[in-house]
Amino acid sequence: MDSTSKRATPADPLPGITVDVRTAGQEVATLPPGLGPDAIGVLDGRTFMYSDASGDVPPGSIGGLLVEDTRHLNRWLLTINGQRLIALGSAVTDYYSADFFLTNPGHPKLPANAIDVRRRRVVGRNGLHERIDITSFAARPARVELRLQVGTDFADLLEIRGSGVRDRSAKITREHAADGSRLQFCYANEGFNADTVVHARPPATRVDGDDLVWDLDLQRGEQQRVDLHVPLALGPMDLPSVHVRFDEGEPRDDPTSRWLAERPNIETDSQLLARMLYRASDDLLALRARARIGGEEVLLPSAGVPWFLTLFGRDALIMAYQTIVLNPFLARGTLTALARFQGTTCNDFTDEEPGKILHEVRGGELTRLGEKPYGPYYGTADATQLWLILLSEYWRWTGDDEFVRSLRDNALAALNWIDRYGDRDGDGYVEYGTRSPEGLGNQCWRDSWDGIQFADAELPVLPIATCEIQGYTYDAKLRMAELADGPLADPGLAARLRAEAQQLLERFNRDFWIEERGGYYAVGLDGDKRPIDSMTSSMGHLLWSGIVPEDRAPIVARQLMSESMFSGWGIRTLSTDDSGYNPIGYHTGTVWPHETSLIAAGLTRYGFRAEVNQLALAMLDAAAAFDFRLPETFAGHSRTHGRFPVPYPTPCSPQAWATGAPMLMMRAMLAGEARNGELVVDPHLPDEIGRVLITRLHAFGKRWNIEAIGTIGHVRLTT
């Protein structure tokens with residue numbers, strides 16, 4: 001078949017222009033070569049440093065110092081007498097700092113374990129700071145060569161996680177200080193400029209190529225210290241960090257202190273639950289970025305380390321929804337930031353359309369020179385509805401009428417996008433299909449090329465209308481009707497939106513329901529309006545959205561909790577009975593904690609409380625196996641397959657909506673809602689959880705306490 005006659009699929013969304021990944025091979029990130037499973041990552045804002053357990057970044061690995069999607073260091077390797085050091089122990093001590101305890105291997109002139117080395121590392125939006133303390137415990141005076149190998153390739157993150165990094169060496173210049181106090185690398189290409197400067201104190205004895213070398217004479221018990229600083233320029237919206245010193249007792253920056261002070265306190269009889277919640281709360285702090293938008297300082301989440309330390313529409317909106325109980329300011333910042341970048345025109349390269357909420361923002365060279373469409377990229381068909389849902393949820397928890405009114409034009413533009421651009425063919429459903437040669441084939445949350453498929457593993461033709469996107473649209477219209485009755489004061493709009501939502505509910509339940517296999521919802525309709533008949537976790541999103549009629553909700557709940565869908569650790573993305581099932585397929589059989597939390601919220605909505613508890617306890621056990629940090633995703637193997645959940649090969653961790661999952665799971669067990677200026681709870685806590693006490697919880701500009709045990713709960717206003 002000629003390429004021009006081929007039909008578009010998510011694997012080849014523009015035949016003749018794009019390359020079919022099924023025949024060309026999919027670009028995937030592998031485990032970091034040279035870094036290993038004990039790799040250490042520290043981050044602050046959009047700056048992160050990724051190294052091995054010794055603190056080193058060997059050349060050829062995916063590690064390094066990255067900021068704004070550009071790698072400023074791709075080599076950072078410490079040796080003594082030409083030998084790499086042995087890691088005794090290393091750990092992240094705070095999300096932005098790490099300690100590495102090292103010693104030397106044996107050498108003809110120096111016995112093994114004679115030198116004690118401690119590396120202390122801090123990253124911030126002001127750059128990298130590293131302190132190296134060297135102490136000799138050799139019986140005799142020791143002369144050692146301490147060498148730090150330094151290098152940079154100024155690679156774009158999109159290259160690092162993709163097929164390979166281009167060679168920029170011909171355009172990298174060096175201006176190293178002769179006195180050993182500074183290394184400087186500069187890169188320029190068609191208006192894109194980047195530089196990396198390494199300051200050393202005390203100055204190195206000599207500079208050898210791109211290496212800093214200190215010749216040290218150490219007496220027994222003597223300690224010598226080297227401080228290194230790599231300053232980095234702030235982005236146009238970034239606010240400075242104060243994570244720049246090693247002084248003991250250093251005060252935390254004011255926003256961080258405020259965040260910690262405002263965080264509700266959670267006590268529970270379950271140590272598992274307590275540890276998972278506090279780990280998630282700390283990771284939320286790590287992923288939280290500060291930016292200045294329109295003169296206002298806002299908080300917003302990055303999507304995850306290492307590949308997605310930037311603003312993603314869908315990820316940020318879902319995480320902000322999940323964590324709104326913890327702190328509504330993250331939701332406010334997310335809404336503000338995404339409104340600033342809302343689409344205003346039609347652009348085929350970036351998939352932008354008026355009123356559309358972005359998918360992803362990047363700041364690296366490939367984006368800034370126009371080779372990639374991420375400045376920003378709008379290839380998502382659900383972020384616009386999720387923005388409206390979060391706007392409503394923020395209002396329900398804060399009663400902030402003025403903020404909603406300030407975003408009236410953005411909200412109306414979003415509604416217009418749904419009906420005019422999202423519904424591509426006027427059939428009443430929101431579909432997607434990219435117009436960009438660099439665009440995503442799937443533009444729902446299952447955005448891998450095979451994330452949407454038929455039960456026989458055939459790929460559907462584009463455009464595709466997935467089921468959960470229709471659920472989000474239904475929910476968004478009902479919520480906007482509520483805002484139109486309230487702060488927007490537009491009863492005509494409210495009536496129209498409710499009528500449209502009712503029509504969508506009826507149409508959807510006619511077209512997406514499949515009677516076979518006991519009854520379930522198709523994952524979508526393809527470009528020929530054929531129901532895509534794989535059985536997926538996406539039908540759980542429909543419970544969250546409320547588009548499922550009461551008589552069908554028990555059927556959906558039963559399917560989700562069946563052996564083919566519930567692994568014992570969480571809900572699989574694809575049924576084990578479908579031909580495309582793969583327990584480590586990214587969207588074809590893995591378990592995603594964020595999705596399980598959304599499903600739990602949906603089950604609570606329809607009264608399936610025992611099932612919610614079953615999912616919550618499964619997630620608790622899974623978190624314990626991952627050191628209480630839920631990863632982006634993990635394998636969908638049955639719980640009978642092993643005594644712990646099998647990790648996915650390359651998950652993001654921490655990752656935004658996995659971090660938010662424990663908070664939403666807790667809310668699902670409590671059935672906590674904000675209604676008309678009051679908090680209500682209807683708890684159904686399992687015996688394994690016992691008592692839960694949440695104090696100083698934010699709602700309506702006040703503080704509240706919630707106490708619950710079993711099916712008894714109390715809410716009181718903090719005085």
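**View 1. Arg639 over Trp569.** The charged end of Arg639 sits over the ring of Trp569, 4.0 Å from its centre. A charge counts as over a ring when NZ of Lys or CZ of Arg is within 6 Å of the ring centre and within 35 degrees of the ring normal. The model is predicted: local features need pLDDT of at least 70, side-chain atom pairs count only at pLDDT 80 or more, and totals for chains, interfaces and linings use all residues. Residues are numbered from 1 along each chain as its sequence is written, and side-chain values use heavy atoms, with hydrogens and water left out.

**View 2. Arg340 over Phe341.** Here the charged end of Arg340 sits over the ring of Phe341. The distance to the ring centre is 5.1 Å.

**View 3. Tyr472 and Trp544, one of the aromatic pairs.** The structure holds 19 aromatic pairs. Rings of Phe, Tyr and Trp (its six-membered ring) pair if their centres lie within 6.5 Å; planes under 30 degrees apart count as stacked, over 60 as edge-to-face and the rest as tilted. Tyr472 and Trp544 are edge-to-face, at 5.8 Å centre to centre and 80° between the planes. The pair links distant parts of the chain, 72 residues apart: Tyr472 lies in helix 11 (residues 467-485) and Trp544 in helix 13 (residues 538-545). Helices (H or I, at least four residues) and strands (E, at least two) are DSSP runs, numbered from the N terminus. Both Tyr472 and Trp544 are buried. Buried means under 20% relative accessible area, exposed over 50%, partly exposed in between (1.4 Å probe, protein chains only).

**View 4. Phe626 and Phe634.** This aromatic pair is tilted. Its centres are 5.6 Å apart, with 35° between the planes. Phe626 and Phe634 are both buried.

**View 5. An aromatic cluster.** Ring pairs join Tyr429, Phe508, Phe512, Trp513 and Tyr521 into a cluster.

View 6. The structure holds 0 disulfides (pairs of cysteine sulfur atoms within 2.5 Å). For Cys444, the nearest cysteine sulfur is that of Cys467, 9.0 Å away. Cys444 counts as buried because its relative accessibility is 0%. Cys346, at 48%, counts as partly exposed.

**View 7. Helix 14 and its cover.** Helix 14 (residues 553-560) is largely enclosed by the rest of the structure, because 6 of its 8 residues are buried. These are Ala553, Ile555, Val556, Ala557, Gln559 and Leu560. Their cover includes strand 22 (513-514), strand 23 (520-521), helix 13 and helix 15 (593-605).

Notes:
Contact means heavy atoms within 4.5 Å.
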